[in-house]
Amino acid sequence: MTQTPPSLLALDFDGVLCNGLREYFQTSWRVYQQVWSDQPLTLSLERLEREFCQLRPVITVGWEMPLLLRAILEGTPAQEILADWPKVRDRLLAAYHLTATDLGERVDSLRDRWIQTDWQSWLALHDFYRGVVAALQRWQAQGQPLAIVTTKEQRFVTYLLAQVGISFPAAAIYGKEQQQPKADILKALQSTYGAPLWFVEDRLGALLQVAATPELEATELFLATWGYVTVGDRAQAEAHPRIHLLNLEQFCQFPHWFAP
């Protein structure tokens, strides 16, 4: 397997570059209190946060997070959430007459207000994974083409990177505004940069979608095992012929990600 650097290194943000679990919970809890202000709290906040963090891998887009809190507080079994989160999520949307658009606007506007009024406390809830900032700076200095492909709003990614001294071009951050599956974004990037792309993601579903896209058959796929990954995700990825498991130490040693 070649270790020649790829035409483009495409990276997810949450769970690959940055650990925002503490911020996710705080933002979700604040939005939850807006939507379900009349519902009693049936668990301690500490236990609620712990269960939320354990189940965070099911989340695809940020607007789902308050719904995950509601599912936990209603007593939905963890195995049911892990096995069929879309069904649980859609049931809650219907039961409470909610929409993805409304919840998404609540999450994003709350974050915007938080940053505007107390950006230091918001920033303090984010942790870039060990070695990642130095690695990004090194790859930029070496001229390696990079892109961030994420379901997070582009402005939040730009802001967080800037706070750790990384100037990342906004045009190379493909955020929620794209309103496209990651596989479609990667196809567009491949048409610009050529093959092969390398794509690092902690959400197995996104990797499986890329693996099932014929136009991206040359793309090397990596599951970030330090991110929001369940034991089941890891086992499924390990058995998949297209997906490579990657640990954080290996990640920072790019491009030497393959056994000689």
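1. His 97 is exposed, with a relative accessible area of 73%. The model is a predicted one. His 97 sits in the loop that joins α4 and α5. Its phi is positive, about 55 degrees, although His 97 is not a glycine.

2. Gln 179 is another residue to check. Its phi is near 50 degrees, a positive value in a residue other than glycine. Gln 179 belongs to the loop between β5 (173–174) and α8. With a relative accessible area of 69%, Gln 179 counts as exposed, because the cut-off is over 50%.

3. Now the cis peptide bonds. The bond from Ala 195 to Pro 196 is cis, with omega near 0 degrees. Pro 196 lies in the loop between α8 and β6. The bond from Phe 254 to Pro 255 is cis too, with omega near 5 degrees. Pro 255 falls in the segment after α11.

4. How many of the nine residues of α3 are buried? Nine of the nine are, so α3 is largely enclosed by the rest of the structure. They are Met 65, Pro 66, Leu 67, Leu 68, Leu 69, Arg 70, Ala 71, Ile 72 and Leu 73. Note that Arg 70 is on this buried list. The cover over these residues includes α1 (21–35), α2 (45–55), α4 and α5.

5. Next, how α3 meets α4. The axes of α3 and helix α4 (residues 78–95) come within 10 Å and cross at roughly 100 degrees. That makes α3 roughly perpendicular to α4. From α3, the contact uses Leu 67, Leu 68, Arg 70, Ala 71 and Ile 72. From α4, it uses Ile 81, Trp 85, Val 88, Arg 89, Leu 92 and Leu 93. By class, the α3 contact with α4 has nine nonpolar, no polar and two charged residues.

6. Helix α5 (residues 100–123) and helix α7 (residues 154–163) pack at an angle of about 10 degrees, their axes 12 Å apart. That makes α5 roughly parallel to α7. The contact of α5 with α7 has seven nonpolar, one polar and four charged residues. On the α5 side are Asp 108, Arg 111, Asp 112, Ile 115, Trp 119, Trp 122 and Leu 123. On the α7 side are Arg 155, Phe 156, Tyr 159, Leu 160 and Gln 163.

7. Which residues of helix α6 (residues 132–141) are buried? Val 132, Val 133, Ala 135, Leu 136 and Trp 139 are. They cover an arc of only 165 degrees around the axis, which puts them on the same side of α6. Their cover includes β1 (8–11), β3 (127–128), β4 (146–149), α7 and α11 (248–251).

8. Helix α9 (residues 204–211) has Leu 204, Ala 206, Leu 207, Val 210 and Ala 211 as its buried residues. Seen down the axis of α9, they fall within an arc of 160 degrees, so they line one face of the helix. Covering them are elements including α8 (182–193), β6 (197–201), β7 (220–224), α10 (231–238) and β8 (243–246).

9. On to the cores. The largest nonpolar core has 71 residues. Within it, Leu 17, Leu 161, Val 200 and Phe 251 touch the most other members. Helix α3 gives the most to this core, with seven residues. Apart from it lies another core, of 20 residues, including Ala 10, Ala 147, Val 210 and Leu 216.

10. At 0% relative accessibility, Leu 17 counts as buried. Not counting residues up to four places away in sequence, Leu 17 touches Leu 11, Asp 12, Phe 128, Tyr 129, Val 132, Leu 136, Ile 148 and Phe 251. Leu 17 and Val 200 are 183 residues apart along the chain, and their C-alpha atoms are separated by 9.9 Å.

11. Last, Phe 251. With residues up to four places away in sequence not counted, Phe 251 touches Leu 11, Val 16, Leu 17, Val 132, Trp 139, Val 200, Trp 226, Leu 246 and Trp 257.

Technical notes
Residues numbered from 1 in each chain as written. Predicted model: local features only at pLDDT ≥ 70, side-chain atom pairs only at ≥ 80, totals over all residues. Heavy atoms only, no water. Axes fitted to C-alpha atoms, helices over the stretch in contact; angles between N-to-C directions. Helix = DSSP H or I, 4+ residues; strand = E, 2+ residues; numbered from the N terminus. Parallel < 35°, antiparallel > 145°, perpendicular 65-115°, else oblique. Contact = heavy atoms within 4.5 Å. Nonpolar A, V, L, I, M, F, W, Y, C, P; charged D, E, K, R; others polar. Buried < 20%, exposed > 50% of the residue type's maximum accessible area, 1.4 Å probe, protein only. Arc of directions from axis to C-beta. Core = buried A, V, L, I, M, F, W, Y, C linked by side-chain atoms within 4.5 Å.
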